[in-house]
Number of protein chains: 2
Amino acid sequence: VQTGGISARIINSSIMEPLLSTELEFTRQLAQQFPAHPPVAVGIGDDGAVLRNFGGSDTVVVTDMLLDGVHFDLTRTPPELAGRKAIAVNLSDLAAMACRPTAAFVSIAAPKSVESEPFLAQLYDGIRSVADEFDVSVAGGDTNSWDGPFAINVCMTGTPFHEHAILRSGAQPGDSLVVTGPLGGSLQSRRHLTFDPRLRVAELLSGKFLIHAMMDLSDGLALDLNRMMESSGTGAVLTAAEIPIHPDVPTSLPAPDRLQAALGDGEDFELLLALSPDDVQQAVDLADDEHEFPIAVIGTVVESVGCRIKDEAGIIRDLAATGWQHFG
Amino acid sequence: VQTGGISARIINSSIMEPLLSTELEFTRQLAQQFPAHPPVAVGIGDDGAVLRNFGGSDTVVVTDMLLDGVHFDLTRTPPELAGRKAIAVNLSDLAAMACRPTAAFVSIAAPKSVESEPFLAQLYDGIRSVADEFDVSVAGGDTNSWDGPFAINVCMTGTPFHEHAILRSGAQPGDSLVVTGPLGGSLQSRRHLTFDPRLRVAELLSGKFLIHAMMDLSDGLALDLNRMMESSGTGAVLTAAEIPIHPDVPTSLPAPDRLQAALGDGEDFELLLALSPDDVQQAVDLADDEHEFPIAVIGTVVESVGCRIKDEAGIIRDLAATGWQHFG
């Protein structure tokens with residue numbers, strides 16, 4: 001349940017809104033109430049669920065509900081972009097599991113006031129354009145009208161690019177932490193409506209390297225890193241100077257505020273990876289060669305739980321789920 | 001988009017609200033905009049989609065969104081029953097495809113006003129009880145709070161009980177039309193909140209007989225029969241006297257009104273089958289033997305498109321999507 005604190009910005013949360021402790025507790029309760037049993041191999045708590053099919057293949061299922069006034073604001077967001085985002089956030093979840101999308105299921109609650117408008121046609125135009133771009137079939141759904149505001153839920157199926165889906169729970173002490181692009185400023189710049197889900201990067205990296213853990217960054221690096229470390233039973237130390245800051249974060253801001261934007265703004269939809277240190281240089285070289293995606297090595301997985309961040313003076317502080325705490 | 005006409009009652013519609021012509025047209029447009037392509041074998045337009053997995057198995061996916069004030073009214077429906085219904089309507093869709101449920105994905109938009117209440121715990125209690133009863137894992141979801149009313153979307157995966165999923169498009173002229181229980185009065189009696197999805201009947205019948213077409217009755221026999229016949233490219237003639245009327249329909253009503261209740265009330269969640277006439281007697285005998293589910297043979301599939309109904313005087317009239325038209 002929404003607990004204030006970070007509510008000044010639009011928040012996209014997979015299970016309840018932050019803060020982390022409330023949210024992790026809620027997820028823990030749900031996972032306890034609903035334990036996975038066959039054919040479900042991975043249930044509540046990752047970017048998606050893994051179902052083991054008769055015949056040996058895996059089906060991965062992800063879902064995200066987006067709400068007017070929470071995840072976008074229809075007074076200033078065209079319906080095409082709302083539809084695009086609803087598909088794209090699910091594609092991002094599948095990228096995070098190293099899966100190719102197969103089918104999308106789109107449920108809509110539309111206010112009666114838009115019945116006479118081209119709203120639905122425009123919404124479906126946005127859905128179709130991104131679905132076509134990433135070759136995913138819209139194979140079903142449920143469209144309703146009501147007296148409430150606009151809500152859209154997308155459920156998407158996928159299949160691993162390579163042997164297996166990659167979970168967020170496999171990080172190992174000694175792993176390098178890597179992100180696939182610069183962070184921060186997504187909401188202010190409205191990049192959160194037009195971002196490209198990192199499916200190609202996920203396919204490429206998961207085909208060449210053994211990725212121990214992966215997830216997509218939807219709620220800010222600080223919170224999402226805490227989630228990955230909690231799932232993996234490990235801790236992390238980030239190096240502040242290595243965290244790539246997106247050009248959408250104004251250069252006029254003081255350095256600590258710019259860092260905080262990268263750690264806490266959210267809706268970046270880049271991937272966070274825990275990669276064997278043996279593979280990191282190769283991954284960086286590959287990224288350089290391809291000139292297509294910049295990857296950055298931002299820290300290390302450690303045994304002792306909790307997340308920390310090392311500043312430019314070498315001082316290590318706790319990294320709260322809300323991000324960098326700026327003292328002065 | 002909701003088009004009045006039947007809006008005096010709560011309506012559960014898979015794609016927009018009736019009338020049929022508007023809804024069929026909308027579904028046709030969506031199916032045209034989003035053609036199925038591999039691995040999707042069956043896309044928009046049936047109770048669920050069929051995905052053909054690498055390795056030969058099929059995954060069937062269904063989804064339904066339920067909204068406060070449309071599909072239930074939280075001022076008089078306990079959260080447990082809202083949660084139960086959200087799962088049960090999807091189980092009913094899987095029954096209609098002759099599939100065993102495997103996993104459920106539950107997305108919720110909860111009004112901020114319920115944050116401090118046991119609402120969510122009660123909701124999940126209702127979800128858990130029916131999920132446990134039918135052995136389906138809740139394997140993921142998305143829980144949000146907002147300023148709007150309560151909305152819940154459930155997406156569910158399943159796998160065919162036997163070789164294949166059964167579609168609504170396979171009815172053949174000469175088939176007998178069969179329903180798995182009496183119809184009408186579900187909303188008034190609130191049976192729509194507590195019905196049992198017909199999974200066991202679907203498993204039993206699909207294991208013993210070649211069912212040409214099957215769907216669940218959510219919007220009333222008249223509308224849903226029109227959908228099945230439209231999908232199959234066939235027509236139907238019902239025999240009014242054979243349509244089983246539920247005890248929830250008051251016996252004090254005039255006979256034509258009782259018939260109209262069975263044809264048009266909706267939310268019955270019984271199954272409608274098109275069965276080879278060679279199998280019908282055996283199916284009836286089996287139902288008698290099992291003393292568990294009453295099945296009724298209510299009509300015949302014919303070549304000429306459109307749905308008709310024969311009254312007790314032998315007069316045949318068109319059966320509108322809204323049900324029996326009472327002249328007199």
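Buried here means under 20% relative accessible area, exposed means over 50%, and partly exposed lies in between (1.4 Å probe, protein chains only). The views below come from a predicted model, in which local features need pLDDT of at least 70, side-chain atom pairs count only at pLDDT 80 or more, and totals for chains, interfaces and linings use all residues. Residues are numbered from 1 along each chain as its sequence is written, chains are lettered from A and ligands numbered from 1 in the order in which they are written, and side-chain values use heavy atoms, with hydrogens and water left out.

**View 1. Glu267(A), a residue with positive phi.** Glu267(A) is not a glycine, yet its phi is positive at about 60°. Look for Glu267(A) in the loop between helix H7 (255-264) and strand S10 (271-275) of chain A; helices (H or I, at least four residues) and strands (E, at least two) are DSSP runs, numbered from the N terminus. With a relative accessible area of 0%, Glu267(A) is buried.

**View 2. Arg190(B), another non-glycine residue with positive phi.** Here phi is near 65°. Arg190(B) sits in the loop between helix H4 (186-189) and helix H5 (199-208) of chain B, and its relative accessibility of 23% makes Arg190(B) partly exposed.

View 3. In chain A, the bond from Pro38(A) to Pro39(A) is cis, with omega near 10°. Pro39(A) belongs to the loop between helix H1 (20-33) and strand S1 (40-42) of chain A. In chain B, Pro38(B) and Pro39(B) are joined by a cis peptide bond with omega about 10°, and Pro39(B) is in the loop between helix H1 (20-33) and strand S1 (40-42) of chain B.

**View 4. Helices H2 and H3 of chain B.** The axes of H2 (residues 79-96) and H3 (residues 119-133) come within 7 Å and cross at roughly 35°; axes are lines fitted to C-alpha atoms, for helices over the stretch in contact, and angles run from 0 to 180 degrees between N-to-C directions.

**View 5. Where chain A meets chain B.** The contact draws 65 residues from chain A and 65 residues from chain B. About 5,300 Å² is buried between the chains, 64% of it from carbon and sulfur atoms; buried area is the accessible area (1.4 Å probe) that two parts lose on being put together, summed over both. On the chain A side, Phe34(A), Met65(A) and Trp146(A) lose the most area to chain B, together 12% of what that side buries.

How values were computed. Contact = heavy atoms within 4.5 Å.
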